[in-house]
Every structure is written in C-alpha cells, then in structure tokens.
Amino acid sequence: MLTRLKALQMLHKCRGDEIWPRDICESEGVPSEWVDELADCTESGFKSDQETLYNDQGMVNHFYGVQDLRLAYRLGEFLGAHTKDIPILALSRTDQVRLIKESVEEL
C-alpha cells in the first residue's frame, strides 16, 4: 500500500528526464498497477543529447520502463496536487516536475 510518506519520497527522486525500469519501480514501492499502466518502450532520438537514452553500458536505441515525468504526475495527483495546468506553465520536462513538487509543498 502506498503511503503519503512513500509517495513524497518517490516524488523527491523524480527529475523529469529519467526512465525507471520495472525492477527499480518495484523496489521503490511504485504500485504494480501503476507500473502496468505507465510503463512503455521509449525510443532514443539522436538530434540532441537530451533525446538520447543511456544505460550503464552506454547509448541504447530504446528502453522499457516508466518515465519519471509520468510517475511524478501520478504521484502529484495521489498527493492531492492540481496538475492540470502544469504542462502549459512549464518550459521543460524537468520544470514540470519542479512545478508538481511545488504544488505538493503548497498543500
């Protein structure tokens, strides 16, 4: 069962530019139904370094896991934050996570 404290701890770890593999999600306590819903295969883009995916072995073409941006939105909603307007207000993925965290802090 996900508690408020655990959700806050997970939200704190979200940056907006990472993908959490299933095993990390499970070890962090992300509910399995959330992982099933949010997990997806993400493909690398090669126009800029921000679009390129890396793991411990280097650059990869695709990676299966949960984007921490999507997880941050789900955690924010779980914690009672209003996240509907955040995509409009934010300049980047990391900025979206920052705004979600700020919204949760204001509660």
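Predicted model: local features only at pLDDT ≥ 70, side-chain atom pairs only at ≥ 80, totals over all residues.

In which helix is Thr94 found? Thr94 is found in helix H6, where helices (H or I, at least four residues) and strands (E, at least two) are DSSP runs, numbered from the N terminus.

Residues are numbered from 1 along each chain as its sequence is written, and side-chain values use heavy atoms, with hydrogens and water left out.

Let me stay with Thr94 for a moment. With a relative accessible area of 38%, Thr94 is partly exposed; here buried means under 20% relative accessible area, exposed means over 50%, and partly exposed lies in between, using a 1.4 Å probe and protein chains only. If we set aside residues up to four places away in sequence, Thr94 touches Arg15, Gly16 and Asp17, contact meaning heavy atoms within 4.5 Å. Thr94 and Glu18 are 76 residues apart in sequence, and their C-alpha atoms are 9.7 Å apart in space.

Helix H6 also holds Gln96, and Gln96 is buried, its relative accessible area being 14%. Beyond its neighbours within four places in sequence, Gln96 is in contact with Leu69, Tyr73, Ile86, Pro87 and Ala90. Tyr73 is also touched by Thr83, as are Glu77 and Ile100, again not counting residues up to four places away in sequence. Thr83 itself sits in the loop between H4 and helix H5 (86-89) and is buried, with a relative accessible area of 8%.

Now to the way the helices pack. Helix H1 (residues 4-13) and helix H6 (residues 93-105) pack at an angle of about 150°, with their axes 10 Å apart; axes are lines fitted to C-alpha atoms, for helices over the stretch in contact, and angles run from 0 to 180 degrees between N-to-C directions. That angle makes H1 roughly antiparallel to H6, given that angles under 35 degrees count as roughly parallel, over 145 as roughly antiparallel, 65 to 115 as roughly perpendicular and the rest as oblique. Leu8, Leu11 and His12 in H1 meet Ile100, Lys101 and Val104 in H6, and the residues of this contact divide into four nonpolar, one polar and one charged. In that count, Ala, Val, Leu, Ile, Met, Phe, Trp, Tyr, Cys and Pro are nonpolar, Asp, Glu, Lys and Arg are charged, and the others, Gly among them, are polar.

What angle do the axes of H1 and helix H4 make where they cross? The axes of H1 and helix H4 (residues 68-78) cross at roughly 150° and come within 9 Å, which makes H1 roughly antiparallel to H4. On the H1 side the contact is made by Arg4, Ala7, Met10, Leu11 and Lys13, and on the H4 side by Asp68, Ala72, Leu75 and Phe78. The residues of this contact of H1 with H4 divide into six nonpolar, no polar and three charged.

To finish with the whole protein, there are six helices and five strands, and along the sequence they follow the pattern α-β-α-α-β-β-β-β-α-α-α. Of the 107 residues, 42% count as buried.
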